[in-house]
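Hello,

Here is the structure you are taking over. My notes on it follow below.

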Amino acid sequence: MIPSWTRAYVGAPYRADGVGGYSCGSLIQTIYRNVYGIDIGDLMVAATTPEWVKLDRQLEQVGDVLVFQQDRSLLHIGMVVMNGRMIHADENLGVTIEPY
(Lines give C-alpha, C1' and ligand atoms only; values in the text may rest on other atoms or scores of the structure.)
Protein backbone atom coordinates (compact mmCIF):
# COMPACT_ATOMS: atom_id res chain seq x y z
CA MET A 1 0.00 0.00 0.00
CA ILE A 2 1.31 3.44 -0.92
CA PRO A 3 1.83 5.60 2.21
CA SER A 4 -0.85 8.25 2.80
CA TRP A 5 1.72 11.07 3.15
CA THR A 6 2.44 10.82 -0.59
CA ARG A 7 -0.86 12.63 -1.28
CA ALA A 8 0.68 15.87 0.00
CA TYR A 9 3.26 15.77 -2.83
CA VAL A 10 1.75 13.99 -5.84
CA GLY A 11 0.64 16.48 -8.47
CA ALA A 12 3.05 19.25 -7.42
CA PRO A 13 4.88 20.79 -10.38
CA TYR A 14 8.48 20.05 -11.36
CA ARG A 15 10.82 23.00 -10.87
CA ALA A 16 14.54 22.54 -11.49
CA ASP A 17 15.37 25.18 -8.87
CA GLY A 18 12.88 23.75 -6.37
CA VAL A 19 11.03 27.11 -6.06
CA GLY A 20 7.25 26.76 -6.36
CA GLY A 21 7.61 23.03 -6.99
CA TYR A 22 10.20 20.29 -6.67
CA SER A 23 13.31 19.04 -8.40
CA CYS A 24 14.00 15.35 -7.88
CA GLY A 25 16.52 16.15 -5.13
CA SER A 26 14.46 18.82 -3.37
CA LEU A 27 11.45 16.49 -3.28
CA ILE A 28 13.35 13.75 -1.45
CA GLN A 29 14.96 16.29 0.92
CA THR A 30 11.52 17.72 1.73
CA ILE A 31 9.97 14.30 2.32
CA TYR A 32 12.78 13.24 4.65
CA ARG A 33 12.51 16.51 6.59
CA ASN A 34 8.69 16.62 6.80
CA VAL A 35 7.84 12.92 7.10
CA TYR A 36 10.86 11.49 8.92
CA GLY A 37 12.26 14.60 10.67
CA ILE A 38 15.69 14.03 9.10
CA ASP A 39 17.83 16.60 7.28
CA ILE A 40 19.67 14.60 4.62
CA GLY A 41 21.48 17.53 3.02
CA ASP A 42 22.17 18.01 -0.67
CA LEU A 43 21.33 14.72 -2.37
CA MET A 44 22.75 15.76 -5.72
CA VAL A 45 26.19 15.99 -4.08
CA ALA A 46 25.77 13.10 -1.65
CA ALA A 47 24.48 10.69 -4.31
CA THR A 48 27.81 10.71 -6.12
CA THR A 49 29.83 9.64 -3.07
CA PRO A 50 31.19 6.09 -2.82
CA GLU A 51 29.21 5.33 0.36
CA TRP A 52 26.07 4.66 -1.68
CA VAL A 53 25.53 0.97 -2.36
CA LYS A 54 23.31 -0.98 -4.70
CA LEU A 55 20.62 -2.84 -2.78
CA ASP A 56 18.99 -6.10 -3.70
CA ARG A 57 15.42 -5.32 -4.80
CA GLN A 58 14.24 -8.07 -2.46
CA LEU A 59 15.57 -6.01 0.48
CA GLU A 60 14.22 -2.57 -0.47
CA GLN A 61 12.05 -0.71 2.00
CA VAL A 62 9.81 2.34 1.96
CA GLY A 63 12.07 5.35 2.31
CA ASP A 64 15.06 3.91 0.45
CA VAL A 65 16.56 6.53 -1.85
CA LEU A 66 16.97 5.46 -5.47
CA VAL A 67 19.88 6.99 -7.37
CA PHE A 68 19.98 6.58 -11.13
CA GLN A 69 23.44 7.02 -12.65
CA GLN A 70 25.13 6.47 -15.96
CA ASP A 71 28.91 6.44 -16.21
CA ARG A 72 29.21 8.03 -12.75
CA SER A 73 26.94 10.93 -13.75
CA LEU A 74 23.86 11.44 -11.62
CA LEU A 75 20.70 11.32 -13.70
CA HIS A 76 17.79 11.17 -11.24
CA ILE A 77 16.73 10.53 -7.63
CA GLY A 78 13.53 8.96 -6.34
CA MET A 79 12.32 7.19 -3.20
CA VAL A 80 10.72 3.79 -2.70
CA VAL A 81 7.08 4.07 -1.59
CA MET A 82 6.21 0.41 -2.09
CA ASN A 83 7.75 -2.60 -3.86
CA GLY A 84 8.66 -1.59 -7.38
CA ARG A 85 7.18 1.93 -7.15
CA MET A 86 8.81 5.25 -6.40
CA ILE A 87 7.81 8.83 -5.79
CA HIS A 88 9.85 11.30 -7.82
CA ALA A 89 9.70 14.68 -9.57
CA ASP A 90 9.45 14.14 -13.31
CA GLU A 91 10.24 17.07 -15.63
CA ASN A 92 7.04 16.49 -17.63
CA LEU A 93 4.63 15.01 -15.07
CA GLY A 94 5.65 16.82 -11.88
CA VAL A 95 5.62 14.77 -8.70
CA THR A 96 4.27 11.32 -9.46
CA ILE A 97 4.43 7.69 -8.37
CA GLU A 98 5.65 5.27 -11.01
CA PRO A 99 7.30 1.88 -11.38
CA TYR A 100 11.08 1.82 -11.56
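**Aromatic pairs and a hairpin**

Y32 has a relative accessibility of 14%, so this residue counts as buried. Y36, at 33% relative accessibility, counts as partly exposed. Please keep in mind that the model is predicted.

These two tyrosines form an aromatic pair, with 5.1 Å from centre to centre and 45 degrees between the planes, which makes the pair tilted. Y32 and Y36 are about one helical turn apart because they lie four residues apart in helix 1.

By the rule used for ring pairs, there are three aromatic pairs. Another of them is Y9 with Y22: the ring centres are 6.0 Å apart and the planes stand at 65 degrees, so this pair is edge-to-face, the cut-off for that class being over 60 degrees. Y9 and Y22 both sit in the segment before helix 1 (24-36), 13 residues apart, and their pair links distant parts of the chain. Both residues are buried. Ring pairs also bring in W5, giving a cluster of W5, Y9 and Y22.

Now to the strands. Strand 3 covers residues 85-90, and five of its six residues are buried, so the strand is mostly covered by the cut-off of under 20% relative accessible area. Its partner is strand 4 (residues 94-99); the two pair in the antiparallel sense over six bridges. Three residues lie between strand 3 and strand 4, and together the two strands form a hairpin. Within this pairing, H88 stands opposite T96 in strand 4.

Regards

Methods:
Residues are numbered from 1 along each chain as its sequence is written. This is a predicted model: local features need pLDDT of at least 70, side-chain atom pairs count only at pLDDT 80 or more; totals for chains, interfaces and linings use all residues. Side-chain values use heavy atoms; hydrogens and water are left out. Buried means under 20% relative accessible area, exposed over 50%, partly exposed in between (1.4 Å probe, protein chains only). Two strands pair if DSSP finds at least two bridges between them. Rings of Phe, Tyr and Trp (its six-membered ring) pair if their centres lie within 6.5 Å; planes under 30 degrees apart count as stacked, over 60 as edge-to-face and the rest as tilted.
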